[in-house]
Amino acid sequence: MMEISHSCRAFLHKNGQVMIRVRWNNRKCEVGFSVGCNADPEKWDNENQRARYNTTHKVGGKVYIARDINNRISQFLECIEESFTEYGVHSQIPTTKELKELVNEKLGRIEKEIVVDGPIEREKSFREIFNDFLEVCSIERSWSESVHHKYVQAWNHLNSCDPDISLATLNKNKMTELKKWYVKNGYRNRTTVKQFRILKSFLRWIAANGYLVEQGVLNYKVNLTVTKKEVTFLKYKELLHFASFQFPKNKEYLDRARDMFCFMAFTSLRYSDLRALKSVHILNGKIEMYTQKTNDKITIPIIENAQKIIDKYSWYHSENGTIFPVPSNQKLNDYLKEAAELSGLDREIVETYFIGTQRHEEIHKFYETISCHDGRRTFVCCSLALGISPTVVMSCTGHSDYESMRPYIEVADETQKMQMEKWNTHQYKSGIIESLEKMTPAQLKEIYEHIRSIA
């Protein structure tokens, strides 16, 4: 299989039309697609190449919702990726005409002629059934764009394994082929198991809606060894060290990236919620907001360390009322790695995983793996290490059940150490109380005066 290097970019035409430009073959070939809708330039995110979340676009007398615009863009990009994959399988670089025709065909813009002796209802293709699934479930289950992307990714993997896949050819043997495809392409077992779970969710929906799916497919077991996922986070002392580290004046962007990470570590906010945080969400020393990912309402008391960061950026004002100058997720992750290395966060992390039956082990420095989400993990682990109950932690993070907290409890090695230290603390307290009870009033007064003089 030949991998065809290509690039895609979604942008707005001068008239507000949403376009996708595709370039390949060393930029010798270029095709432009109109996705069939318009967007307001003021509500368009050039960096993410999408309509801004939760916006409404009134252009040319028509109204478009951000979710619909972004779903159309995603659908086009999926079909473009599938088209390049198909040509790559045959080790052939498409011409501009060939790519445009294939993408339009996948989008259903070109109907294949069927000659019949009378009216007949055409059976839906596997791809069309999948599109129905996306359309219906996106609305019924209120999917975020990230959830939508996960299903599209699972579909693309299935098509890469077999470009001619159909519901009729999907059987137990095909599922085994797909498993071998994941192993051959270097996917870790954890990822493979996750992708099969997503695929089977789609297949169960198909079966529930009257399509015939072999029982062996629905009951298929991947049977791959999966190790526990390494939960990376900053320990309490590391967090305080990172929060107070002084970066060079010519690297202010690292100072800002560190502050954003530490605020997440002090509050449990996800990156998406940090970026959406507004002054109206802060009231009476608490953060109260609905999360971007799950739409759950969270209430988080603002501790002193978090308040200092809020005060530090009181100078910042944005048009939409957000309180922090948060860079893109990718840039923030890049800056964090540089900041963590400079501040000496070089603790080694051993990662063990399987690809098929092969066991792999990798050793990384913490600064090589740090990312935005480590902030949220740090909040959970440090809170547990400080003796805060899982129930209180869950009320801040929005975790729905105790089981989801188990990985954090298991890895927070400081928790056990700090909790066991209570034995020593209690011993000292007991000894002091016992000694005080034996003292005379004069002796107690003498101790009081001494403590007062040195306090």
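Is Lys-174 buried or exposed? Lys-174 counts as buried, because its relative accessibility is 12%. Buried here means under 20% relative accessible area, exposed means over 50%, and partly exposed is in between, with a 1.4 Å probe and protein chains only. We will come back to that lysine.

First, the ground rules. This is a predicted model, where local features need pLDDT of at least 70, side-chain atom pairs count only at pLDDT 80 or more, and totals for chains, interfaces and linings use all residues. Residues are numbered from 1 along each chain as its sequence is written, and side-chain values use heavy atoms, with hydrogens and water left out.

Now the overview. The protein has 455 residues, and 40% of them count as buried. Its secondary structure comes to 18 helices and 12 strands. Helices (H or I, at least four residues) and strands (E, at least two) are DSSP runs, numbered from the N terminus. The protein exposes about 27100 Å², and carbon and sulfur atoms supply 50% of that. Accessible areas come from the Shrake-Rupley method with a 1.4 Å probe; for residues, only the protein chains shown count as cover. Next, contacts, meaning heavy atoms within 4.5 Å. Take those between residues at least 6 apart in sequence: 58% join residues at least 24 apart.

On to a sheet. Which strands form it, and in what order? It is an open sheet of 3 strands, ordered β1-β2-β3, with antiparallel pairing. The edge strands are β1 (6–12) and β3 (29–38), and each pairs on one side only. The twist averages 20° from one strand to the next. Two strands pair if DSSP finds at least two bridges between them. Between β1 and β2 (residues 17–24) there are 7 bridges, in the antiparallel sense. Within that pairing, Cys-8 stands opposite Val-22 of β2. In general, strands of a sheet pair through backbone hydrogen bonds, either parallel or antiparallel.

A helix goes with this sheet. Helix α2 (residues 96–106) lies across β2 and β3, and runs at about 30° to β3. For such angles, axes are lines fitted to C-alpha atoms, for helices over the stretch in contact, and angles run from 0 to 180 degrees between N-to-C directions.

Look at the loop between β2 and β3. Asn-25 lies there. Asn-25 has a positive phi of about 55°, although it is not a glycine. Asn-25 is partly exposed, because its relative accessible area is 27%.

Compare Ser-268, in the loop between α9 and α10 (271–276). Ser-268 also is not a glycine and has a positive phi, of about 80°. Ser-268 counts as buried, because its relative accessibility is 1%.

Next, salt bridges. A salt bridge is a side-chain nitrogen of Lys or Arg within 4 Å of a carboxyl oxygen of Asp or Glu. How many does a search of the whole structure find? The search finds 20.

One of them joins the side chains of Arg-23 and Glu-30, at 2.9 Å from N to O. Glu-30 is partly exposed, because its relative accessibility is 43%.

Back to Lys-174. Lys-174 bridges to Glu-177, with the closest N and O atoms 3.5 Å apart. Both lie in helix α5 (residues 172–184), 3 residues apart, about one turn of the helix. Lys-174 is buried, while Glu-177 is partly exposed at 38%.

Lys-312 is partly exposed at 39%, whereas Asp-259 is buried at 4%. There is also a network: salt bridges that share partners join Glu-78, Glu-82, Glu-86, Lys-106 and Arg-127.

Finally, the surface. Which residues make a nonpolar patch of about 380 Å²? They are Tyr-236, Leu-240, Leu-386, Ile-388 and Val-392. Patches are made of residues with over 30% relative accessible area and no salt bridge; like charges are joined within 9 Å, nonpolar side chains (Val, Leu, Ile, Met, Phe, Trp, Tyr) within 5 Å. Leu-240 sits in helix α8 (residues 236–244). Leu-240 is partly exposed, with a relative accessible area of 34%.

One last stop: Ile-65, in strand β7 (residues 62–65). Ile-65 is partly exposed, at 47%. Ile-65 and Thr-55 are 10 residues apart along the chain, and their C-alpha atoms are separated by 6.3 Å.
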